[in-house]
Amino acid sequence: ILQERSRLAAALHILPICKRIFPSEANFLLVEMTDANGIYDYLLKKGIIVRNRHRVKLCQNCLRITVGTKTENNELLAALREIR
């Protein structure tokens, strides 16, 4: 999980839809997005489940992304790279 968390964070960091990745020692990343609600809906339609934290105080426009297996993380990243 530690290796995948670092790899996932680095890959998310270069995506234009990701504005900020909060430091994490857990098995998830809190990521500020350009449009958390829209991206959440898009991922949901693709069968990729993340947690929308947009309505949580101090987490506006954030998604909580659980660190998965390498395959699961690659699927998430591929879906996010499709967003323009």
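## Close-up views of a predicted model

**View 1. Helices α1 and α3 side by side.** Here α1 and α3 pack at an angle of about 5 degrees, and their axes lie 11 Å apart. (Axes are lines fitted to C-alpha atoms, for helices over the stretch in contact, and angles run from 0 to 180 degrees between N-to-C directions.) That makes α1 roughly parallel to α3; angles under 35 degrees count as roughly parallel, over 145 as roughly antiparallel, 65 to 115 as roughly perpendicular and the rest as oblique. The α1 side of this meeting has Glu4, Arg7, Leu8, Ala11 and Leu12, while α3 brings Lys70, Asn73, Asn74, Leu76, Leu77, Leu80 and Arg81. Contact means heavy atoms within 4.5 Å. Sorted by type, the residues of the contact of α1 with α3 come out as six nonpolar, two polar and four charged. For that sorting, Ala, Val, Leu, Ile, Met, Phe, Trp, Tyr, Cys and Pro count as nonpolar, Asp, Glu, Lys and Arg as charged, and the others, Gly among them, as polar.

**A note for all views.** This is a predicted model, with residues numbered from 1 along each chain as its sequence is written. Local features need pLDDT of at least 70 and side-chain atom pairs count only at pLDDT 80 or more, while totals for chains, interfaces and linings use all residues; side-chain values use heavy atoms, with hydrogens and water left out. Helices (H or I, at least four residues) and strands (E, at least two) are DSSP runs, numbered from the N terminus.

**View 2. Zooming in on alanine 11.** Alanine 11 belongs to helix α1. Is this residue buried or exposed? Alanine 11 is buried, at a relative accessible area of 12%; the cut-offs are under 20% relative accessible area for buried, over 50% for exposed and partly exposed in between (1.4 Å probe, protein chains only). Once neighbours within four places in sequence are set aside, alanine 11 is in contact with Leu77 and Arg81. Tyrosine 40 is 29 residues from alanine 11 in sequence, and their C-alpha atoms are 18 Å apart.

**View 3. The four-stranded sheet.** The strands make an open sheet in the order β1-β2-β4-β3, with antiparallel pairing. Two strands pair if DSSP finds at least two bridges between them. At the edges are β1 (18-21) and β3 (51-52), each with a single partner strand, so one side of each has no neighbour in the sheet. Helix α1 (residues 2-13) packs on the sheet and touches β1, β2 and β4, with its direction at about 5 degrees to that of β2.

**View 4. Strand β2 and its two partners.** β1 and β2 form a hairpin with six residues between them, and three bridges join these antiparallel strands. Across this pair, arginine 20 faces glutamate 32 in β2, and isoleucine 21 has valine 31 as its bridge partner. How many bridges join β2 to β4? Five bridges link β2 (residues 28-33) to β4 (residues 62-66), and the two run antiparallel. In that pairing, leucine 29 is opposite isoleucine 65, and valine 31 is opposite leucine 63.

**View 5. The buried face of helix α2.** In α2 (residues 36-45), the buried residues are Ala36, Ile39 and Leu43. Seen down the axis of α2, they fall within an arc of 70 degrees, so they line one face of the helix. (The arc is that of the directions from the helix axis to the C-beta atoms.) Their cover includes β2, β3, β4 and α3 (70-81). Just after α2, glycine 47 takes a positive phi of about 80 degrees.

View 6. Leucine 43 has 0% relative accessibility and counts as buried. Not counting residues up to four places away in sequence, leucine 43 touches Ile48, Val50, Leu76, Ala79 and Leu80. The C-alpha atoms of leucine 43 and leucine 80 are separated by 8.0 Å, although the two are 37 residues apart along the chain. Asparagine 37, also found in helix α2, has 33% relative accessibility and counts as partly exposed. With residues up to four places away in sequence left out, asparagine 37 touches Asn52 and His54. Asparagine 61 is 24 residues from asparagine 37 in sequence and 7.3 Å from it in space, C-alpha to C-alpha.
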